[in-house]
Amino acid sequence: LLLQSQLEKEPTAKIIDDPTTASGEASVYIWIKEDLFAASDSLQQLKQLDQVIKGSTNNFLSSSFYTSLSEVYKDGANLIVAADLEKIIASKKGSPTFGKMGLYNFKHFIMQQKEVEGKTQSRAVFSFKDQRTGIASWLASPGPMGALEFVSPEANIAGGFVVKNPESLVEELMDYLQESPSSLRQLSEFERQHEISISKDIAATLGGEVAFAVDGPILPTPSWKVVLEVYDQVRLQQALEKLVVEMSNWKLSQGQSGLKMESVDVNGRTFYVIKIEGFPVEIHYTFANGYMVATPSRALLERALLYRESGTSLLRSAKFTAGLPEDGNTNFSAVFYHNVTGLIGSMADLMGSSKNSEQGKALQALANSTVPTLVCAYASRDRIVIASNTEGGPFGLSPANLLGLPNSFGMQQILEKAIK
């Protein structure tokens with residue numbers, strides 16, 4: 001009764017007693033009957049539900065989607081969200097692009113959440129009718145994520161993923177560009193003019209691992225970090241040197257600032273830097289242990305090497321391992337980690353917000369409700385599983401993160417002020 005009284009105050013909602021006799025227009029129809037609560041923007045859908053309850057034949061009970069959901073219910077869950085992707089995407093039949101991207105191979109999406117010993121276990125599964133193809137197949141089987149060894153335990157945001165052979169991935173992208181002849185022509189012209197092949201000279205030198213991070217202060221320069229697995233260091237460096245020269249010549253011909261690459265040897269290791277003349281932006285990188293590590297400064301680059309050499313990286317930190325799945329598996333197809341409390345503080349400084357201001361209080365509330373969160377993805381032949389095990393609600397997104405900011409102060413206002 002309390003729920004019904006609250007819903008009756010909603011001007012766009014219409015509460016009905018019986019869908020078979022209901023009439024009138026509404027944005028959403030709400031049917032409350034004994035222990036049943038049903039809502040839909042279609043009155044016809046509620047009429048069909050009424051027929052099922054009264055004993056009409058329900059084809060859903062014989063579907064593979066029902067079978068998949070039944071298995072989830074057997075394990076127990078506090079929340080389930082599911083979609084029959086096969087039916088949804090069927091409306092796009094006949095699209096060559098959808099076919100190439102492997103989207104017609106989607107089957108089901110099922111997300112479940114349950115509370116276990118004070119933690120929220122969240123699991124989302126994308127299943128496929130057959131072996132993953134197209135974009136869905138780019139994510140490779142789980143690997144050890146050695147690229148994260150260059151990220152510090154205090155990183156604000158970090159992520160990594162493993163893809164299949166990068167060269168074949170680029171070739172697939174070229175195939176997709178057949179649907180956009182102008183884009184393909186521009187890319188081909190770029191390669192011809194600069195005598196470089198993105199797939200052969202760059203992608204073919206890389207392994208499948210990629211990691212990125214915001215690993216330090218965001219002021220005055222964001223402490224970004226990118227780590228790439230490299231199979232052929234010499235060939236990649238030659239391609240980068242040629243690319244810098246070609247791009248610099250092109251920019252100079254357009255009356256713009258040129259690029260230059262410098263290098264220095266320190267204790268047997270070569271450090272490289274790419275500079276844009278007249279601009280303070282720099283890209284520093286080096287090669288170490290089968291990886292290329294790039295940062296905006298030499299100091300950050302040297303610290304990245306130290307994290308791996310000392311074994312004090314994010315991958316081995318207590319904050320990271322606390323979010324691992326129950327089996328403790330440290331091999332992933334993809335992983336995303338955040339511990340943004342410090343980042344939120346920096347955002348407040350950027351906005352000039354005091355702790356007592358409305359903005360400052362809102363940001364502090366957001367920081368207090370945010371906990372370190374790890375989300376892992378595992379790709380197999382016919383499915384991709386995404387899972388997290390955290391104290392911060394489903395995938396670390398508690399209601400306090402999303403809805404609980406005081407005085408109706410939203411993240412949109414925060415971001416708008418931060419980028420002005």
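Which strand gives the most to the lining of the second largest pocket? That turns out to be E4, with four residues. A word on the ground rules comes first. The model is predicted, so to speak of local features a pLDDT of at least 70 is needed, side-chain atom pairs count only at pLDDT 80 or more, and totals for chains, interfaces and linings use all residues. Numbering starts from 1 along each chain as its sequence is written, and side-chain values use heavy atoms, with hydrogens and water left out.

Now to the pockets. A pocket here is an open set of points on a 1 Å grid over the protein atoms alone, where a 1.4 Å probe fits and protein lies on both sides within 12 Å along at least five of seven lines; lining residues have an atom within 4 Å of a point. The second largest pocket holds about 380 Å³ of space, a volume being the space filled by probe spheres set on the points. Its lining includes Phe60, Phe65, Leu69, Tyr73 and Lys87. By class, the lining splits into nine nonpolar, no polar and two charged residues, where Ala, Val, Leu, Ile, Met, Phe, Trp, Tyr, Cys and Pro count as nonpolar, Asp, Glu, Lys and Arg as charged, and the others, Gly among them, as polar.

The largest pocket has about 650 Å³ of space. Among its 29 lining residues, Asp75, Gln112, Arg123, Val125 and Val385 sit closest to the centre. Helix H3 (64–75) contributes at least two residues here too, as do strands E5 (106–116), E6 (119–128) and E16 (383–390). This lining divides into ten nonpolar, ten polar and nine charged residues.

Next, a sheet. Three strands make up an open sheet with the order E1-E2-E3 and mixed pairing (two strands pair if DSSP finds at least two bridges between them). E1 (13–16) and E3 (36–40) are at the edges with a single partner strand each, so one side of each has no neighbour in the sheet. E1 and E2 run parallel, joined by four bridges, with alanine 13 partnered by valine 28 in E2. E2 (residues 28–33) and E3 are antiparallel over five bridges; tryptophan 31 has alanine 38 of E3 as its bridge partner, and isoleucine 32 has phenylalanine 37. Two residues lie between the strands of this E2–E3 hairpin, where glutamate 34 takes a positive phi near 55 degrees.

Finally, the rings. Twelve aromatic pairs turn up, with rings of Phe, Tyr and Trp (its six-membered ring) pairing if their centres lie within 6.5 Å; planes under 30 degrees apart count as stacked, over 60 as edge-to-face and the rest as tilted. Phenylalanine 150 and tyrosine 291 have ring centres 5.7 Å apart and planes at 65 degrees, so they are edge-to-face. They link distant parts of the chain, 141 residues apart: phenylalanine 150 is in the loop between E6 and strand E7 (157–162), tyrosine 291 in strand E13 (residues 291–295). Phenylalanine 150 is buried at 0% relative accessibility (buried means under 20% relative accessible area, exposed over 50%, partly exposed in between, with a 1.4 Å probe and protein chains only), and tyrosine 291 is buried at 9%. Tyrosine 272 and tyrosine 285, with centres 5.0 Å apart and planes at 15 degrees, are stacked.
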